Amino acid sequence: MTTEIKHLTNSKQTVRNLHQMIVKTFWDTYRGTSADHNIADYLEQNYSLEQVKKQLQQPNCAFYFILVNGKIGGYMKLNFDEAQTETYQGKSLEIEKLYVLPAFKRQGLGTKLLTFAEETAVNRDEDYMWLGVWSENEKAKAFYQEIGFHQETTHTFELGDDPQTDLVFVKKLK
């Protein structure tokens, strides 16, 4: 199995591929946890084709695909500086999104993406990296703790009209 992490640029094909990946992985992850209209509303408001295009143009955001034998297996979104969804003390990198397609889970892709994120943060001289994880996602919480993240606080994630609690996990780099 060969894997490659590919930085995404703002082309029509990339926008379409990323949009499809976001919609598929979000539905796969959250279907059954909230009403379908909440998931659909969230995706339309935050990840329509036009929104994806705008996000790819933001200078302090970066999207990546992880390719497995040339096929898209998942994606990650990193936020830097003022593009982060919350402000913390010190210099930090936010992992806003990290999803792997079901067919590619349990192959180490999440670990490879997080290793890449950590290398990026170290190269940028960040003090720490952080992410939000849904409080009910036991597998994700265990995974992040296993690789050195710890819960520091919580925040609310608005999924349509259904507020969700996210746990903020932090990994110190210095």
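Predicted model: local features only at pLDDT ≥ 70, side-chain atom pairs only at ≥ 80, totals over all residues.
Analyst: Let's start with one definition: a contact means heavy atoms within 4.5 Å. Leaving aside neighbours within four places in sequence, S135 is in contact with K141, T165, D166 and L167.

User: Where is S135 placed among the elements, and is S135 buried or exposed?

Analyst: S135 sits in the loop between β5 (128-134) and α5 (138-146). For burial, the cut-off to keep in mind is under 20% relative accessible area. S135 has 16%, so S135 is buried.

User: Okay, let me zoom out. How many helices and strands does the protein chain have?

Analyst: Five helices and seven strands. Reading from the N terminus, you get the order β-α-α-α-β-β-β-α-β-α-β-β.

User: What does the radius of gyration say about the protein chain?

Analyst: The idea is to set the value beside what a compact globule would have. For 174 residues that would be near 16 Å, and the protein chain comes out at 15 Å, so the two agree. Along the principal axes, the C-alpha atoms fill a box of roughly 40 × 35 × 30 Å. Buried residues account for 45% of the 174 residues.

User: And which share of contacts joins residues at least 24 apart?

Analyst: Here you take contacts between residues at least 6 apart in sequence, and 62% of those in the protein chain join residues at least 24 apart.

User: On to the rings. How many aromatic pairs turn up?

Analyst: Twelve, in a search of the whole structure. One of them is Y42 with Y47, at 6.1 Å centre to centre and with 55° between the planes, a tilted pair. Planes over 60 degrees apart would count as edge-to-face. Y42 counts as buried because its relative accessibility is 6%, and Y47 is buried at 3%.

User: Which residues do ring pairs link into a cluster?

Analyst: F26, Y30, Y42, Y47, F63, Y75, Y99, W134 and F157. Look at Y30, which belongs to helix α1 (residues 12-30). Y30 is buried, with a relative accessible area of 11%. Not counting residues up to four places away in sequence, Y30 touches I39, Y99 and W134. Y30 and N137 are 107 residues apart in sequence, yet their C-alpha atoms are 9.9 Å apart in space.

User: Last one, backbone angles. What is the phi of N69, and what is the phi of D125?

Analyst: The general idea is that most residues other than glycine have a negative phi. N69 is not a glycine, but its phi is positive, about 50°. You'll find N69 in the loop between β2 (61-68) and β3 (71-80). D125, also not a glycine, has a positive phi of about 65°. D125 lies in the loop between α4 (109-123) and β5, and at 40% relative accessibility D125 counts as partly exposed.

Notes:
Residues numbered from 1 in each chain as written. Heavy atoms only, no water. Helix = DSSP H or I, 4+ residues; strand = E, 2+ residues; numbered from the N terminus. Rg over C-alpha atoms; globule rule 2.2 N^0.38 Å. Buried < 20%, exposed > 50% of the residue type's maximum accessible area, 1.4 Å probe, protein only. Phe/Tyr/Trp six-rings, centres within 6.5 Å; stacked < 30°, edge-to-face > 60°.
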